[in-house]
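Biologist: I would like to learn how to read the features of a model such as this one. Could we take them one at a time, with the general idea before the case?

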Amino acid sequence: MIGYLGKQFNFEHEDYVSVTAPKFVNGVLDFYNVTDFADYPHSPDMRVVNDLPRLESSKAAMLYSLAYKTLYLAKSYRFDMLPISQFLTTRVQFSTEQDMSKALNSLAYLNSTKDFELRLNAKQRHRAKKDKK
């Protein structure tokens, strides 16, 4: 375990190493008091932005923090969360309730999938096929 990064590398399986961040994920879920579950990290209308009033400063700061926490997770090992985390980081300067709703949905998805792991394997080499001319 790499404590300051919150990542855990498991070498117990002989065919792959798994990467997780249970302490970080559970900490985020506890911090935001997430109890809901979702099947997808975002809805199809994720990039739709309506003209709504801005969030008050405390909620905007919460969204800012959440956006970059999800981005850290997505870039580390939760690639399924990349689209929503990247979208949220574009909304931190002008965030609305709609953005907060999307962020909370991504947390509900994270709660549903908190046991997901990234598996890395280097046992088999893949070679590019040469074109026959």
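Biologist: Which way do Val17 and Val19 point from strand E2, and are the residues of this strand buried or exposed?

Modeller: A word on the source: this is a predicted model, in which local features need pLDDT of at least 70 and side-chain atom pairs count only at pLDDT 80 or more, whereas totals for chains, interfaces and linings use all residues. Residues are numbered from 1 along each chain as its sequence is written, and side-chain values use heavy atoms, with hydrogens and water left out. Helices (H or I, at least four residues) and strands (E, at least two) are DSSP runs numbered from the N terminus, and buried means under 20% relative accessible area, exposed over 50%, and partly exposed in between (1.4 Å probe, protein chains only). In strand E2 (residues 17-20), Val17 and Val19 point one way while Ser18 and Thr20 point the other way, and all are buried.

Biologist: In which sense does E2 pair with E3, and over how many bridges?

Modeller: Two strands pair if DSSP finds at least two bridges between them. E2 and E3 pair in the antiparallel sense over three bridges, with valine 19 standing opposite leucine 118 in E3. Strand E1 (residues 8-10) also pairs with E2 in the antiparallel sense over three bridges; a hairpin of six residues joins E1 to E2, and glutamine 8 stands opposite threonine 20.

Biologist: How many aromatic pairs does a search of the whole structure find?

Modeller: Rings of Phe, Tyr and Trp (its six-membered ring) pair if their centres lie within 6.5 Å, and planes under 30 degrees apart count as stacked, over 60 as edge-to-face and the rest as tilted. The search finds three aromatic pairs. One of them joins phenylalanine 31 and tyrosine 32, edge-to-face at 4.9 Å centre to centre with 85 degrees between the planes. Phenylalanine 31 counts as exposed because its relative accessibility is 57%, whereas tyrosine 32, at 10%, counts as buried. Tyrosine 64 and tyrosine 68 form a tilted pair, 5.1 Å centre to centre with 50 degrees between the planes.

Biologist: Where do tyrosine 64 and tyrosine 68 lie, and how many residues apart?

Modeller: An α-helix has 3.6 residues a turn, so residues three or four places apart point the same way. Tyrosine 64 and tyrosine 68 both lie in helix H2, four residues apart, about one turn of the helix. Tyrosine 64 counts as partly exposed because its relative accessibility is 41%, and tyrosine 68 likewise counts as partly exposed, at 35%.
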